[in-house]
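Student: Let us work through the following structure by question and answer. May we begin with contacts within one chain?

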Amino acid sequence: MSLFDKRLSEIHSALRAKELSVTDLVQASVASIKEHDDQIKSVLEVDEEGALAHARKLDEQLVKGEELGLLYGLPAGLKDNMVTKGIRTTCASKFLSNYDPVYDGTVSQKVKEAGSVIVAKLNMDEFAMGGSNENSGFFPTKNPWNTDYVPGGSSGGSAAAMAARHFYYTLGSDTGGSIRQPAAFCGVVGLKPTYGRVSRFGLVAFASSLDQIGPITKNVEDAAYVLQAIAGHDAYDSTSANVEVPDFLSSLTGDVKGLRIGVPKELIGEGIDSEVRDAVLAALKQLESLGATWSEVSMPHTEYAVPAYYLLASSEASSNLARFDGVRYGVRADNADNLIELYKESRSQGFGPEVKRRIMLGTYALSSGYYDAYYKKAQQVRTLIIQDFNNIFADFDVILHPTTPTTAFKIGEKVDDPVKMYLEDICTVPVNLAGLPAISVPCGFAKSGLPIGLQIVGKAFDESTVLRVAHAYEQSVGHHLRKPEWVRG
Amino acid sequence: MSAITRKEVEHVANLARLQLTEEEAERYTKDLNAILDFAAKLNELDTSQVQPTSHATDVKNVMREDVNRPSLPIAEVLKNAPDHEDDQFKVPAVFE
């Protein structure tokens, strides 16, 4: 068993008993990366020196008898769009290949305050735009279960690194499924909290009304611990919610008796691979045997979610990415004679094809004469999708369906067809448009050996129920215990 | 909705401050047309009576007292700048 397969309580007991040190944990993380990451390329930058120095400090804390944080001693990997002081933060973009942040984002700071050690920054689709990690400006990450396949995206590095057990946990960000979809493709747990639950300060913005940071972990219990540490209102993010943060750990009771589950027919029928559908139906049976009930429901606007999402997310992105101008940070083109040329050349040399495509789409959708037809129309459809959810949540506690229509696809299979690639997101984008919490948990494997993800969606700020259902299911079936063969232990 | 032309693509690129190569301009004309065709699906819905949503949660304007707070040292602020001089970001001349 890898050290990182142990429960947090076991790790903490071993640390207190001096059978283990934080330095040991960090060294195990660094060793795993050095020995095995070449196969999957999930890591962009390892801060070995900084992490070991931090570990020594934490080891001293224990000797001095100081109180230990919730995530004390746990080595973490962060998606490279989270700003980390003193550790290069690139968003997997050539544009930011030299960016050395002078501050920590709120989440980076919070995990450190909880006693966690940031060991490395992880690969992703450039600026979080993509669902396969093929859009990384540096190199693609590969699926640990079969390296001919994509790990998903945009938090593909975070999900692959977790499946490889490089860290105790990783963090990703989810704008249209970017935590849940790679978690499903890599056979790990991925939680997108309610919009506003976790501060976005220091998360390089893609689509501000949709982006949310969340944990990627080996099981639901770990996801609850990490969420506990990173959740909460932040004065530096005016969209962070000023609501109470409940004790998420205490919600993991294993009890789902009387739980009412709605299953949207639009996300379990046509367009969903039969192996994926069967695995999700088996999960529903399992939950039934635990005392839950389920009924088929309808989300009539589902088919409009993907086009609405791409218009809104790209519009917000075109505005957010205007800040990358080659003046204050990032790479500046050296062949510009005037200011406008400097902007144009720096951006054109720094951004990859998918980022440019979305900036173009967003700029067009916001431009004079097209705003009402595209941007406003998509905002109105967003309202209809929110109403679909509200109608179901009037009668049900959670909504359950696959995380993805298929298991992971082959590297290169969809790169030439953006619309086909975008349609992959049908099961995840409605949740972001409505700002709801949702988790992906492993619910079986296809004949190909690739993992399948079950998605559980909750009411706004009801992560507790989402975690409770996911935990009860996971513990009763144990799909999460399976690891790629080459992963140690 | 009408298709987007190569000329419009070049106009949009200029607005977005992107310098497209010949190949890119062609590629994005094709891609944007495919994506906008796909987006035209939204027109099947009558939304004349539907309010637009910009944010899913009901956060209103958040105000705070306008008070002085410590800010980053200038050396730190300029640390990542491609070029700077006299504590300022430096860019090519805007006027001749």
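Student: Which residues does A:K79 touch, not counting residues up to four places away in sequence?
Tutor: Two residues are in contact if their C-beta atoms, placed from the backbone, lie within 7 Å. The model is predicted, so local features need pLDDT of at least 70 and side-chain atom pairs count only at pLDDT 80 or more, while totals for chains, interfaces and linings use all residues. Residues are numbered from 1 along each chain as its sequence is written, and chains are lettered from A and ligands numbered from 1 in the order in which they are written. With residues up to four places away left out, A:K79 touches A:L122, A:M124, A:S155, A:G157, A:S158, A:L171, A:G172 and A:S173.

Student: In which strand does A:K79 lie?
Tutor: Strands (E, at least two residues) and helices (H or I, at least four) are DSSP runs, numbered from the N terminus. By that rule, the element of chain A that holds A:K79 spans residues 75–79 and is strand β2.

Student: Is A:K79 buried or exposed?
Tutor: A residue is buried if 20 or more other C-beta atoms lie within 10 Å of its own, exposed if 12 or fewer, and partly exposed in between, with C-beta atoms placed from the backbone. A:K79 has 31 other C-beta atoms within 10 Å, and therefore counts as buried.

Student: Which residues does the UniProt annotation "active site" cover?
Tutor: UniProt positions are given in the numbering used here, feature names are shortened, and annotations may be inferred rather than shown by experiment. The annotation comes from an unreviewed entry, and the residues it covers are A:K79, A:S154 and A:S178.

Student: What is the largest C-alpha distance among these annotated residues?
Tutor: The residues are spread over 100 residues of sequence, yet they cluster in space. The largest C-alpha distance is 10.8 Å.

Student: Is A:S154 buried or exposed?
Tutor: A:S154 is found in the loop between β3 (117–122) and α5 (156–163) of chain A. Leaving aside neighbours within four places in sequence, the contacts of A:S154 include A:S178, A:M124 and A:D125. Because 34 other C-beta atoms lie within 10 Å, A:S154 is buried.

Student: Which residue stands opposite A:K79 in β3(A)?
Tutor: Two strands pair if DSSP finds at least two bridges between them. Here 5 bridges join β2(A) to β3(A), and the two strands run parallel. The residue in β3(A) that stands opposite A:K79 is A:L122.

Student: Through which helix does the chain cross from β2(A) to β3(A)?
Tutor: A crossover is right-handed if, with the strands pointing away from the viewer, the path from the first strand over the helix to the second runs clockwise. The β-α-β crossover from β2(A) to β3(A) is right-handed, and its helix, residues 106–113 of chain A, is α4.

Student: What are the edge strands of the open sheet of 11 strands?
Tutor: The order of this sheet in chain A is β1-β3-β2-β4-β6-β5-β10-β11-β9-β7-β8, with mixed pairing. Each edge strand pairs on one side only, and the two are β1 (43–46) and β8 (293–297) of chain A.

Student: What angle does the direction of helix α3 make with that of β3(A)?
Tutor: Axes are lines fitted to C-alpha atoms, for helices over the stretch in contact, and angles run from 0 to 180 degrees between N-to-C directions. Helix α3 (residues 48–63) of chain A packs on the sheet and touches β1 and β3 of chain A. Its direction and that of β3(A) make an angle of about 160°.

Student: How many residues of strand β6 of chain A are buried?
Tutor: Strand β6(A) pairs in the antiparallel sense with β4 (residues 169–173) over 4 bridges and with β5 (residues 189–192) over 2 bridges. A:I216 in β6(A) is the bridge partner of A:T170 and also stands opposite A:G190. Strand β6(A) is largely enclosed by the rest of the structure, because its buried residues number 5 of the 5.

Student: Which element gives the most to the side of chain B that touches chain A?
Tutor: The contact takes 41 residues from chain B and 56 residues from chain A. The elements that give two or more residues to the chain B side are α1 (6–15) and α2 (22–39) of chain B. With 7 residues, the element that gives the most is α2(B).
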